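Here is a friendly note to read alongside the structure. Please keep the viewer open as you go through the points.

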Amino acid sequence: MSNRTSHRVTSGLRFILFATTVPACMSWKHTELAPVPDSVTAPSREVRVVMRSGNKITLRDARVRNDTLHAVRRSRDSDSQGSSMAIPVSQIADVQTRQVSTPKTIAATVWYGFSAFVIGAVIYVLANGGPVFMN
């Protein structure tokens, strides 16, 4: 394997590790509801609403007006706009926003570094003729 090829493989594997690790750094945290036009989040930011019944709904563009939360239900289809919803605040047990989790970020960073080191070491060994005992 040439040095250029091994660098490409290493870079590709590092990208895959990074892309799959970043979402692990996030978690849902409680946020307050207040009857102000931009109370919960900035537009297009997602919130998770936990209903008193226990159901969880992920919404975007959430706004509290009077005693009702107005938002757009997140659609699984990227082409769809989603459906508008109005939920009485009395039916909501909790509202959460996605935020960075420090312990998860540290763990993901350590895992990413360790994985990149192992992949680099394996590629180095294979590019230089394999393990010593095989020569």
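1. A word on the basis. This is a predicted model, in which local features need pLDDT of at least 70 and side-chain atom pairs count only at pLDDT 80 or more, while totals for chains, interfaces and linings use all residues. Numbering starts from 1 along each chain as its sequence is written, and side-chain values use heavy atoms, with hydrogens and water left out.

2. The sheet. Six strands form an open sheet in the order E1-E6-E2-E3-E4-E5, with antiparallel pairing. Strands here are DSSP runs of E, at least two residues, numbered from the N terminus, and two of them pair if DSSP finds at least two bridges between them. At the edges sit E1 (26–31) and E5 (84–88), each pairing on one side only.

3. A strand pair. E2 (residues 46–51) and E3 (residues 56–65) are joined by five bridges in the antiparallel sense. Glu 46 stands opposite Arg 60 in E3.

4. The core. The largest nonpolar core has 12 residues, including Val 47, Leu 59 and Ile 92. Such a core is a set of buried Ala, Val, Leu, Ile, Met, Phe, Trp, Tyr and Cys residues joined through side-chain atoms within 4.5 Å; buried means under 20% relative accessible area, exposed over 50%, and partly exposed in between (1.4 Å probe, protein chains only). E3 gives the most to this core, with four residues.

5. The salt bridge. The structure holds one, between the side chains of Arg 60 and Asp 61 (3.1 Å, N to O). The term requires a side-chain nitrogen of Lys or Arg within 4 Å of a carboxyl oxygen of Asp or Glu. Arg 60 is partly exposed at 21% relative accessible area, and Asp 61 is partly exposed at 24%.
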